[in-house]
Amino acid sequence: MILHLRYTAMLILGSLLLTCVCTDSVTVSWKYTCHSGANIISDNSTAKCTATAATENDAKAASFCFGPSNTVVNNTFTEYGCGKCPKQAKKGACLTCAAWNSTGTAEGSDNSNCNTWQPIFTYSCYQNEASVVCNNGTGVLRKDIHCWGPKPTYTGNNENLTKSGCGTCEAAHAENSTPGWDIGDCATCDYNNCNSAATMLSFLGLFTSFFWLCSRN
């Protein structure tokens, strides 16, 4: 009788332990989609994604998409996909977005495909009479376009100034310990390839016309 009771107790205990183990291992899945692939050029390329957690709310909170940042000059990371940014992505080159929007409504809303395609940010300036892609070599964010070069009124021949380049006059002057040119002889402009010789001369024409009109009034 005692042996029978012990056997029965062991069966009950084993059943309870099995129930606990099974309960702890239960997970809930949440399905969503993200844009996927490399160098996608439209919003048509998507992949099916799944996030799992103990509850549906936790699974939704763990739903993410990733894609390249378009604020990094000449970003070489071009992948789009499910989940958070991969470890091999350089810092700042990849952005993660939440595929479930928990704000706005009490229930939240599906934010699938949040990693929409973006053109990679890039621009060029003239340097030594050739158009070059601007990059400061470190991948630091550069959201504004700046090119520098000699003013159209400059009559000197200092090579440090006439070579022109990416960035601002102030930055170029500061980077060279012996620039040999005055900051007042340099002009900064703010659009792609704006520091070409032809563009600078065109600017001089507009500048001269403006003062001529002002002098007549």
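Are W30 and W100 buried or exposed? Both W30 and W100 are buried. The model is predicted. Its largest nonpolar core holds twelve residues, including W30 and W100.

**Nonpolar core**
- Besides W30 and W100, the members of the largest core are Y32, C34, C49, A51, A53, A59, C65, C97, A99 and C114.
- The elements that supply two or more residues to this core are β1 (28-35) and β3 (46-53).
- One core member, C34, has contacts with S45, T46, A47, C49, F64, C65, G81, C82, N113 and N115, leaving aside residues up to four places away in sequence.

**Aromatic pairs**
- The count of aromatic pairs is three.
- One of them is W30 with W100, an edge-to-face pair with 5.3 Å between centres and 80° between the planes.
- This pair joins distant parts of the chain, with W30 in strand β1 and W100 in strand β7 (residues 100-101), 70 residues apart.
- W148 and W181 form a stacked pair, at 5.9 Å centre to centre and 10° between the planes.
- Here too the link is between distant parts of the chain: W148 is in strand β11 and W181 in the loop between α4 (169-175) and β13, 33 residues apart.
- W148 counts as buried because its relative accessibility is 5%, under the 20% cut-off.
- W181 also has 5% relative accessibility and therefore counts as buried.

**Charges over rings**
- K60 lies over the face of W30, 4.6 Å from the ring centre.
- The charged end of K84 sits over the ring of F64, at 5.0 Å from its centre.

**Four-stranded sheet**
- Four strands make an open sheet in the order β2-β5-β4-β6, and the pairing is antiparallel.
- β2 (37-38) and β6 (94-98) are at the edges with a single partner strand each, so one side of each has no neighbour in the sheet.
- β2 pairs with strand β5 (residues 79-82) in the antiparallel sense over two bridges, and G37 stands opposite Y80 in β5.
- Strand β4 (residues 64-68) is joined to β5 by two bridges, running antiparallel, and F66 stands opposite G81 in β5.

**Three-stranded sheet**
- A second open sheet has three strands in the order β12-β11-β13, with antiparallel pairing.
- Its edge strands, β12 (165-166) and β13 (186-189), each pair on one side only.
- Four bridges connect strand β11 (residues 147-150) with β13 in the antiparallel sense, and C147 stands opposite C189 in β13.

How values were computed: Residues numbered from 1 in each chain as written. Predicted model: local features only at pLDDT ≥ 70, side-chain atom pairs only at ≥ 80, totals over all residues. Heavy atoms only, no water. Core = buried A, V, L, I, M, F, W, Y, C linked by side-chain atoms within 4.5 Å. Buried < 20%, exposed > 50% of the residue type's maximum accessible area, 1.4 Å probe, protein only. Contact = heavy atoms within 4.5 Å. Pairing = 2+ DSSP bridges. Phe/Tyr/Trp six-rings, centres within 6.5 Å; stacked < 30°, edge-to-face > 60°. Lys NZ or Arg CZ within 6 Å of the ring centre and 35° of its normal.
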